[in-house]
Amino acid sequence: MRVVLVGADFEENLGMGMIAAVAQAAGHEVFIEPFDLPENAAYVVRRVLARSPEVIGLSIQFQHRSAEFLELSRRLRAEGFTGHITAGGQFPTLAWREALTPYWGLDSIVLHEGERAFVALLEALGEGKPLSEIPGLALCTDDGVAVRTQGLPLLEGLDTLPFPVRYREHARHCNVPFIPIMGSRGCWGACSYCAITSFYRDARAHGGGKTLRHRSPENVAAEMATLWFAAGGPSLFCFHDDNFLLPRPADSLARVRGMRAALDDFGVGKVGLIGKCRPDSMTPELAKELRALGVIRLYVGVENASQAGSDHLNRRNQTKHVREALTACREAGIFVCYNLLVFEPDTTIADLRENIAFMREMSAHPVNFCRAEPYFGTPLHADLSERGSLRGSYLGFDYRIEDDRAELVFRIAAAAFRQRNFDPDGVANRTMGLGYSAKILEHFHTSSDPTREKARLRLAERTAELTRAIALETADFLSEAVDLAERHGSDADRLSRETALLGLRIARADRLRHEQLDRLYEDMEAFGAGVVREPTERTPSSKLQRLAQSLALSASIAVWSGACDSCGPRQVMPVDPVPMDPGGSTPPNNNNDNLRRPPQDFPPPDPPPPDRPVIVDPVPPPTVVPNDPVPPPTVMPPDPLPVPGTGVRPPHIIPHDPVPADRGPRVMPPDPLPRPRPPQPPPPDPVPYPPPVDPPPPPRMVPPPVADPLPASPKSAKLVVIDQWRDTSVRGARRSEDMPLFEPPIVSLDARREGDSIRVRLVGGEDAMSIRWEGVEDTGLETREVLWTPSSLFDQLRVAVRTRGGVAITSVRARMV
């Protein structure tokens, strides 16, 4: 059958790659189409339909993008697609009954781990068999009732799976290939907010099996070795395992040593390893050994530094483990960043102050903070539902913190920290990538030239100084928010005014921090550009060559290496904390076709957009807008068979045409008029749910901009975001009106250059609102439009808006216009 898989592609999507691999091995044609931004939905629909698929699979991992993907399904139906649409991932698995609401147009849900069920689904569709006989699915009966079929046990032997399809060129961080990989599945934790553990517990409950399973070190190393030589040598491998480490440190060390030994047997040289771990699985001795084996970065799951808050979230961590883990990594030379879920249903002011003290104590590490969200099917979701505290719907739930003062702090922070914490190009996200970049330079680009090495060490010193300054500053600002809630909680007008002023102070601080970050990233980029990445002199060991020959892999490696060489190095400065929805982007016109079709069969490119002003706030990850016709497909290499008795298969490496020279991020044309406030999703209701509003809003705490931002300047365009924190609570939520800041205004900035000046217009909001500008001569002028003459590329214009319902603060940087 002809299949199109659609999913997020901020990083290489291993889930889609795995599904593509097993479907291709079963004889089906598979195409992969990225869907990163809701603004691209219409184009994605056209491109998918141009493939003439019989089956469309939607990869929906996270709830905060559920509305976007479900709406994409509805659009596909509206455009006349009559084939089978299925979906998979954490959200549709846990919310299968809701996702199968007829309004969305889905035919089935592939539950849990989808490799076996998806192939069986394709076989049944091709042969006309009843889908109700296929285990591992949810679907609607003829009378419209959603049901699930018999469960499948969780797959025990992960080595039997093929390596995932590599459908596009790897990104490069500081001139080093960045390669996502999976070495295990599952987690032994039981955190109340975690959709991952809920996903696996649900799988075990309906089909049995172990929730935590690992590929063998040799199997992982075989895939890494193939990719290492294909990429041309030293590479970064980012393990997307839920836990890179095991519960016992000795087991973790033995596993990583096993991988390194197998890599040595295959002739592989230097690698950098990235992963995630729980604090209680780290010791000082283990950290030192891991660093020696190539681990350069770990996402440590701190989540809440207050013991009470950690207990509320069922982290099962003692806060002493958190401190010990961060200290151990720092002293071993492993870069660490972390997130704090400082807001949760039972947060108190005392909990907040404990977390603030922790941020100051651990200021050597970059940090971001947000709220724990009640993802569908999690214990947190069930608990809040039982309390009667949920608002919103399955597309995105909202709740109120039990402690009134803590709820006020959350509302203040949601407005004042909006850009600093949650803009992909915000200060918090950019700071998280800083120490990572410095660690890449240390690991891969240490020089024997004393002058260059001195320059690198100075970059590392500047990184440490700026990271510490920003972490302490963030803690101070959050402490101010707590003070505001305690002092002025009963005076709504005073609280609103002080929140606006706090937001402006944070924005002013961001102006300085962005300039410092710009200069440091540019110096790192210049240092990395001075490193010539020569082709590796290593050759695959005879063991790897025998494996490659037996798997018919040699041709694929040669084609991939040639494609990468012709592209040249793609310099990307990482700006990336722990990936929630990994960021960055890839051109959507990736050549992953396996059947040539005449170019005229595909839709023509969109006409060029008219000359209109561009919305610039907030700045989402830069992306290449798909406005070119679909490229001619290339032929996908056949799926080789595994070595008898090993289960080892080579990765599907798909040849690429040379990537065009980087022209900087391009954006979709903006809307000429502001969008109205999106309606709230319907509240939970007994199944079946009433049709959601059209279009449904993506669930986020603070609404995104009215349209796309301006492209970055040539220099800033190189500082591409790789992944970022997302604000994942409900967009457009109207909170309880018994407290201030119950409905923040939705505003954005519309900017265009006029000679040396920039005309900036405030878009959105209400007719009656107070406006205060900063950064122009007529500071405080209550007008929706100003003419701004920046003093430099680093200059910034800020504005605060107050309405009866709340506060919004937004800004624009001159270099982004």
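**Close-up views of aromatic side chains**

**View 1. Arg297 over the ring of Tyr436.** In this predicted model, the charged end of Arg297 is placed over the ring of Tyr436, at 4.3 Å from the ring centre.

**View 2. Arg371 over the face of Tyr399.** Here Arg371 lies over the face of the Tyr399 ring, and the distance to the ring centre is 4.3 Å.

**View 3. The aromatic pair of Tyr103 and Trp104.** A search of the whole structure finds 10 aromatic pairs, and one of them, formed by Tyr103 and Trp104, is edge-to-face, with 4.8 Å from centre to centre and 80 degrees between the planes. Tyr103 has a relative accessibility of 23% and therefore counts as partly exposed, whereas Trp104, at 0% relative accessibility, counts as buried because the cut-off for that class is under 20%.

**View 4. The aromatic pair of Phe369 and Phe417.** The ring centres of Phe369 and Phe417 are 4.9 Å apart and their planes stand at 75 degrees, so this pair is edge-to-face. Phe369 belongs to strand β17 (residues 367-371), while Phe417 is found in the loop between α15 (404-416) and α16 (418-422), so the pair ties together parts that are 48 residues apart in sequence. Phe369 counts as buried, at 2% relative accessibility, and Phe417 is buried as well, with a relative accessible area of 1%.

**View 5. An aromatic cluster that includes Phe369 and Phe417.**

Definitions and conventions:
Residues numbered from 1 in each chain as written. Predicted model: local features only at pLDDT ≥ 70, side-chain atom pairs only at ≥ 80, totals over all residues. Heavy atoms only, no water. Phe/Tyr/Trp six-rings, centres within 6.5 Å; stacked < 30°, edge-to-face > 60°. Buried < 20%, exposed > 50% of the residue type's maximum accessible area, 1.4 Å probe, protein only. Helix = DSSP H or I, 4+ residues; strand = E, 2+ residues; numbered from the N terminus. Lys NZ or Arg CZ within 6 Å of the ring centre and 35° of its normal.
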